[in-house]
Amino acid sequence: MEEKNVSQEVDEQLESEVSDGAESEAGFTDEQIDAVADTAMSVIKDLVSYFEVGDIAIDEYEGDEGELILDITGDDLAVLIGRHGRTLDSLQFMVSAITTRKLGYRYPLVVDVEGYKSRQRQKLEDIAYNAAERVAEQGHSVKLRPMSPYERRIIHLTLRDYDAVETFSEGEGRARRVVVAPL
């Protein structure tokens, strides 16, 4: 039997969380969403205290897909992002898992640090549009670099209404990537 490392487990959990995130947020009351925000912020403050990064502030807003975005700001928070956002992905997974466990229901939640994911999302959207244009012009599939579940979701969402192409994921684990193909 093959052993999994923590990083692989986080990737699999994020993949599961991403596919669950496609569900409708309809049916949640404002009180339930407030409870998610309050619980998640408390969990973030508890977890971030172990990183000894000083005082932080957490801004709360709604994302384009109806998800709750909590953006952490403060001094010298690079340690919370980690290399290629891996620490931030793990932080988001833990916050979401603990919040869901405490409340007994799941609501889509994104944890960001000083707009890192927002900037990454813009870059991913640009990559998606460029790939789609190449596919439409050249008529053959384009395989993008391997991406995290979150990054792949952004590519799929960006191109879901692009009429000339379709997207799907292929590969396993860290080698999983989006393929943009002509229709």
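Reader: Hi! What should I know about the model and the numbering before we start?
Author: The model is predicted, so local features need pLDDT of at least 70 and side-chain atom pairs count only at pLDDT 80 or more, while totals for chains, interfaces and linings use all residues. Residues are numbered from 1 along each chain as its sequence is written, and side-chain values use heavy atoms, with hydrogens and water left out.

Reader: Thanks. How many helices and strands are there in the chain?
Author: The chain has 6 helices and 6 strands. Helices (H or I, at least four residues) and strands (E, at least two) are DSSP runs, numbered from the N terminus. From that end, the order is α-α-β-β-α-α-β-α-β-α-β-β.

Reader: And how much of the chain is buried?
Author: Of its 183 residues, 42% count as buried. Buried means under 20% relative accessible area, exposed means over 50%, and partly exposed is in between (1.4 Å probe, protein chains only).

Reader: What share of the contacts comes from residues 24 or more positions apart?
Author: They account for 62% of the contacts with a separation of 6 or more. A contact here means heavy atoms within 4.5 Å.

Reader: Let's go to β1 and β2. How do they run, parallel or antiparallel?
Author: Antiparallel: 7 bridges join β1 (residues 56-62) to β2 (residues 68-74). Two strands pair if DSSP finds at least two bridges between them. One of the bridge pairs is D59 with D71 in β2.

Reader: What does G66 do in that hairpin?
Author: G66 takes a positive phi near 85 degrees, in a hairpin with 5 residues between the strands.

Reader: New topic: what span should helix α4 have?
Author: Helix α4 (residues 86-103) has 18 residues, so at 1.5 Å a residue it should span 26 Å, and its end C-alpha atoms are 26 Å apart, which agrees. The expected span is 1.5 Å times one less than the number of residues.

Reader: Which residues of α4 are buried?
Author: They are L88, D89, L91, Q92, F93, V95, S96 and T99. After α4 comes G104, with a positive phi near 85 degrees.

Reader: How many salt bridges does a search of the whole structure find?
Author: It finds 3. A salt bridge is a side-chain nitrogen of Lys or Arg within 4 Å of a carboxyl oxygen of Asp or Glu. E125 and R121 form one of them, at 3.1 Å from N to O.

Reader: Where do E125 and R121 sit?
Author: Both are in helix α5 (residues 116-138), and because they are 4 residues apart, about one helical turn separates them. Both E125 and R121 are buried.

Reader: What about K143 and E170?
Author: Their closest N and O atoms are 3.2 Å apart, in a salt bridge. This pair links distant parts of the chain, with K143 in strand β4 (residues 142-146) and E170 in strand β5 (residues 165-170), 27 residues apart. K143 is exposed at 55% relative accessible area, whereas E170 is partly exposed at 28%.

Reader: And E151 with R145?
Author: Their side chains meet in a salt bridge at 3.6 Å, N to O. E151 counts as buried because its relative accessibility is 15%, while R145 counts as partly exposed at 40%.
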